[in-house]
Amino acid sequence: MKTKLFAHRPCGALALALSTMLAASAANAQERKVELRFANWLPAQHALAKTGFEPWAKSVEAASDGTIKVMLFPAQQLGKAADHYDMARDGIADMSWVSPGYQAGRFPIFAASELPFQAADPGPGSAALDGWYRKYAEQEMSDVKFCFAHMHIGTLHSKKPITDPEQIRGMKIRPANGTVAQMVTTLGGSNVQVSAPESRDALDKGVADAITFPWNSTVAFNVHRAASFHTDMRLYNASFVWVMNKAWYQRLSDKQRSVIDDHCSNTWAARVGKDWGGEEDAGRDKIAAMKDQTIVALTPEQLDKWKQAVRPVYDQWARSMPAGGPDAQQVLKAYQDELASRGGKL
């Protein structure tokens, strides 16, 4: 008996499913693959690379089905730390991690977030910073695509114990940003303007007597080998932004732009702030466990004296706001209200 072979037609539902699959496959095949050159000025093994840059890059690649390949350029490979905003603006990098405070006076609204003694916790603090600044980013950073903002919290690390703000008079201090530099000047010190990677060298050579740094980076940059006294207070927070070249972003497909938008969010700001900021704060216990390091405790009265001593910095910041711009007190109140609502206020 001969067996007849029949060609079966798929049913309507199956045909529709096959058609949809083929169309999706064709769309993916046509999706242009792009590289995202992401520049930063930290060592490749820095905690932020492990808790922020690398997880973000992997998530973008996965969400884009591999059509966006993130290439990380650490350690100032594409340019100096202070140039990273302009590198993204000009397309030297497609994206960069920026400390706006490295260019004092350029971003006065953003500088409100850098005023001393405001943030208690870098996780909710970062969510608050990002949520607050999104209202102003287009005004101050219109020549880049703003991705998100986050922070860490730092203090003084010095060659001798510092407990009183009057001790700053005559000292040479490396500030974290322009606002901290104003604080140093207000207290009678002089500023040594070097980037984070250059800080240890400045201390070794006697160019600086102390620096303002977060806890764990003090170890990561080996600063503790030159400055073994660490004042135990939440003196300042350093605020950062991730920004992107606008032309690069506009060249993406709709799907790819959607992926980037999903990763330039308040959720990512909070995540990076929590993960990296928490890692930085954990450095305090790491330093405390070292026999050759000293955590310098402050009494409540000493801490109050510090807070009163830096109040003129707030007035200086208010005067720096451009004429015709938003009211300084309203800007600062909006930031502090956001901190309070997120649970990040000191």
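How many Å apart are the mean positions of the 40 positive and 37 negative charges of the protein chain? They sit 6 Å apart. That value, like everything in the legends below, comes from a predicted model.

**Figure 1. The whole chain, before zooming in.** The protein chain carries 15 helices and 10 strands. Laid along its principal axes, the C-alpha trace covers about 105 × 50 × 35 Å. Of the 346 residues, 50% count as buried. Take the contacts between residues at least 6 apart in sequence: 77% of them join residues at least 24 apart. As for the surface, the chain exposes about 15600 Å², with carbon and sulfur atoms supplying 53% of that area.

**Figure 2. The start of α5.** Here we look at Asp-121 and the beginning of the helix. A side-chain oxygen of Asp-121 comes to within 3.0 Å of the backbone nitrogen of Gly-123.

**Figure 3. Ser-113 in the α4–α5 loop.** Ser-113 lies in the loop that links α4 to α5. Its relative accessibility is 0%, so Ser-113 counts as buried. Which backbone oxygen lies 2.8 Å from a polar atom of the Ser-113 side chain? That oxygen belongs to Phe-110. Setting aside neighbours within four places in sequence, Ser-113 contacts Gln-118, Leu-129 and Trp-132, along with Asn-237, Ser-239 and Tyr-335.

**Figure 4. Phe-117, a positive phi in the α4–α5 loop.** Phe-117 also has its place in the loop between α4 and α5. Its phi is near 55 degrees, a positive value in a residue other than glycine. With a relative accessible area of 12%, under the 20% cut-off, Phe-117 is buried.

**Figure 5. Asn-222, a positive phi between α9 and β8.** This loop runs between α9 (215-220) and β8 (229-231), and Asn-222 is found in it. Phi of Asn-222 is near 60 degrees, again positive in a residue other than glycine. Is Asn-222 buried or partly exposed? At 36% relative accessibility, Asn-222 counts as partly exposed.

Figure 6. Thr-67 sits in the loop between α2 (47-63) and β2 (68-73). At 8% relative accessibility, Thr-67 is counted as buried. The Thr-67 side chain reaches the backbone oxygen of Ser-64 at 2.9 Å. Not counting residues up to four places away in sequence, Thr-67 touches Glu-31, Arg-32, Lys-33 and Val-34, plus Gln-256.

Conventions:
Residues are numbered from 1 along each chain as its sequence is written. This is a predicted model: local features need pLDDT of at least 70, side-chain atom pairs count only at pLDDT 80 or more; totals for chains, interfaces and linings use all residues. Side-chain values use heavy atoms; hydrogens and water are left out. A polar contact is a pair of N or O atoms within 3.5 Å; within protein, one must be able to donate a hydrogen and the other to accept it, and residues adjacent in sequence count only if both atoms are side-chain atoms. Helices (H or I, at least four residues) and strands (E, at least two) are DSSP runs, numbered from the N terminus. Buried means under 20% relative accessible area, exposed over 50%, partly exposed in between (1.4 Å probe, protein chains only). Contact means heavy atoms within 4.5 Å. Accessible areas come from the Shrake-Rupley method with a 1.4 Å probe; for residues, only the protein chains shown count as cover. Lys and Arg count as positive and Asp and Glu as negative; His and the chain ends are not counted. The place of a charge is taken as NZ of Lys, CZ of Arg, CG of Asp or CD of Glu.
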